[in-house]
Amino acid sequence: MLDIQILRKNINDVETALLKRGIVFDTETFLQLETKRKEIQIKTQELQARRNKLSKEIGLIKKQGGDAEPILKEVSEIGDTLKQSEQELGKVQKSLDTLLHGIPNLPHETVPQGVAEDDNVENKTWGDRKTFDFKPKDHVELGEITGMLDFDAATKISGSRFVVIKGQLAQLHRALIQFMLNTHVNEHGYTEVNVPYIVNSDSLFGTGQLPKFEDDLYKVPRQKAEIYEIPVDIESENKSSGNDDGEEYYYLLPTAEVPVTNLAREEIFSASDLPLKFACHSPCFRSEAGSYGKDTRGMIRQHQFEKVELVHMVHPDNSYAALEELTGHAEVILQKLDLPYRVMTLCAGDMGFSAAKTYDLEVWLPGQSRYREISSCSNCEDFQARRMMARWRNLETNKPELIHTLNGSGLAVGRTLIAIMENYQTSDGKIMIPDVLQEYMGGISEIG
C-alpha cells in the first residue's frame with residue numbers, strides 16, 4: 001500500500017509513476033475525498049476541543065455551587081453532533097482506504113517504460129541452447145510416450161488444467177523439490193519453513209492479493225461443525241485455544257509468498273534480526289480467472305502447481321542488493337541443471353501489483369522453441385510491509401520503521417520438470433536425468 005503522505009504531498013509524481021504502468025490515477029476523486037476528510041476532521045477536532053473545554057467548566061461551576069445545567073445541555077448537543085461527524089469521517093476514510101487499496105506499487109526509477117510483455121528488456125542470457133538431430137517434442141508428447149503425464153485422468157478427477165504425474169516422472173518432480181530446498185538452505189543460507197496451505201483474508205491483504213484480485217483465488221467456506229455433549233473440561237480447553245475470527249471464508253494460497261511474508265505481520269524486528277531469508281515448498285492454487293484460454297496445452301498454466309518460494313525481509317537500504325542476490329539464487333538452480341535461460345527486467349506495465357521492480361527468469365523450451373517464465377523475483381520495497389505493519393526498530397530514533405520485502409520462485413517445480421523433459425529428451429522419447437539430480441533418483445540416469 002502506498003504511503004498516503006506521498007499522495008498528499010506529491011500527487012503529480014504519483015500520477016506520472018502510475019502512467020508508466022499504463023494506469024490513469026483518479027486524481028479528482030482523491031482530491032475531493034481528501035478535501036472532505038480535512039473539513040470533517042477539522043470540524044470533529046473543534047467539537048472535541050469545545051466539549052473538553054466545557055467539561056472542565058462544568059467541574060469548576062459545580063465546585064463553586066453554581067448551576068451547570070445550561071452547559072450540560074450544550075455538551076449533550078455537542079456529543080450528538082460529534083457522533084454524527086465521526087460517522088461521516090469514518091465513511092470518507094473508508095472511501096479513501098478503498099481507493100488507496102486499489103493503487104499498485106510505484107515502479108522504481110530503473111524499471112523500463114512499457115505496458116506489456118513485449119516491452120520487457122533482456123538483461124542477459126546463460127547457457128547454450130541444445131541442438132538436436134531430430135525435431136524435439138514438447139512435454140505433452142513426451143508425457144504420452146512415457147505414459148507418465150495423464151491429463152485425461154486429471155480431467156476426470158478434477159477438471160481441465162490439472163495433471164496426474166506418474167512413476168519415475170513423479171519421482172523426478174519430488175527430486176527437484178528436494179534439490180532446490182537443499183541448495184537454498186545449505187548453500188544460500190535460507191531457513192526452511194513449512195506453512196499452512198489455507199490462509200485468511202488479512203494475509204492476502206498484506207501481500208496485495210486482496211481486495212483487487214479476489215477472482216483469482218479459491219475460496220474455502222468456513223462451516224462450523226455441530227458438537228454435542230462436550231465434556232466440561234474439553235469445552236473449556238476449546239474456548240481457551242479457539243481462533244474464531246468471524247471470517248466467512250478461508251482461501252487456498254496462490255503462492256507461498258502469502259503465508260511466509262505474513263510471518264512478519266505486526267512484528268517489530270531489531271536491526272540485528274535482518275535480513276531474514278526463508279525458503280518454502282508448497283502447492284499453489286490459482287483460478288486463472290484472467291487467462292482467457294491462454295496456455296491451455298499441457299502443464300504451463302494450471303490451477304494447481306508447486307513452487308519453492310524464496311522470501312527476504314530486509315533493511316530498506318539493502319533491498320535492491322537483496323533483489324540481485326535473490327535472483328542470483330534462483331539462477332543457480334538453472335545453472336546446476338544446465339538449463340539455458342535469460343533474465344528479463346519487466347516493464348512497468350507487466351509487473352505484479354505489489355512490485356516496485358521485477359526480474360523474470362525465462363527458461364528455453366526446445367519443444368516449444370521459445371523462452372518461458374520459470375521464476376519471477378520482485379522487490380516490493382515497503383508496499384507489503386505497510387499493509388502488514390511489518391517493522392524494524394531504528395536504534396538511532398528508537399522508533400519502528402517499515403522493512404522491505406522481496407519474493408521470488410526458486411523455482412516453479414512443474415515448469416522446471418517441463419524444461420528438463422524438453423531439454424534432456426532423446427530421439428526415442430526417453431528423458432536423461434541431469435547429473436545433480438541422479439543422487440535423488442536412486443542413481444538412475446534416464447527415464448523411459
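In the predicted model, the axes of helix 7 (residues 167-186) and helix 11 (residues 319-336) approach within 11 Å and cross at roughly 130 degrees. The crossing of helix 7 with helix 11 is right-handed. On the side of helix 7, the contact is formed by Phe179, Met180, Thr183 and His184, while helix 11 contributes His329, Ala330, Val332, Ile333 and Lys336. Sorted by class, the residues of this contact are five nonpolar, three polar and one charged.

The strands considered here belong to an open sheet of eight, arranged in the order 1-11-12-13-16-10-9-4 with mixed pairing. Its edges are strand 1 (121-126) and strand 4 (191-192), each of which pairs on one side only. Within the sheet, strand 10 (residues 304-314) and strand 16 (residues 404-412) are joined in the antiparallel sense over seven bridges. Met313 is found opposite Thr405 of strand 16.

Two helices are described in relation to these strands. Helix 7 lies across strand 4, strand 9 (276-285), strand 10 and strand 16, and runs at about 5 degrees to strand 10. Helix 13 (residues 413-423) also packs on the sheet, where it touches strand 10, strand 12 (357-365), strand 13 (370-379) and strand 16. The direction of helix 13 makes about 35 degrees with that of strand 16.

Technical notes. Residues numbered from 1 in each chain as written. Predicted model: local features only at pLDDT ≥ 70, side-chain atom pairs only at ≥ 80, totals over all residues. Heavy atoms only, no water. Axes fitted to C-alpha atoms, helices over the stretch in contact; angles between N-to-C directions. Helix = DSSP H or I, 4+ residues; strand = E, 2+ residues; numbered from the N terminus. Left-handed = near helix turned anticlockwise from the far one by under 90°. Contact = heavy atoms within 4.5 Å. Nonpolar A, V, L, I, M, F, W, Y, C, P; charged D, E, K, R; others polar. Pairing = 2+ DSSP bridges.
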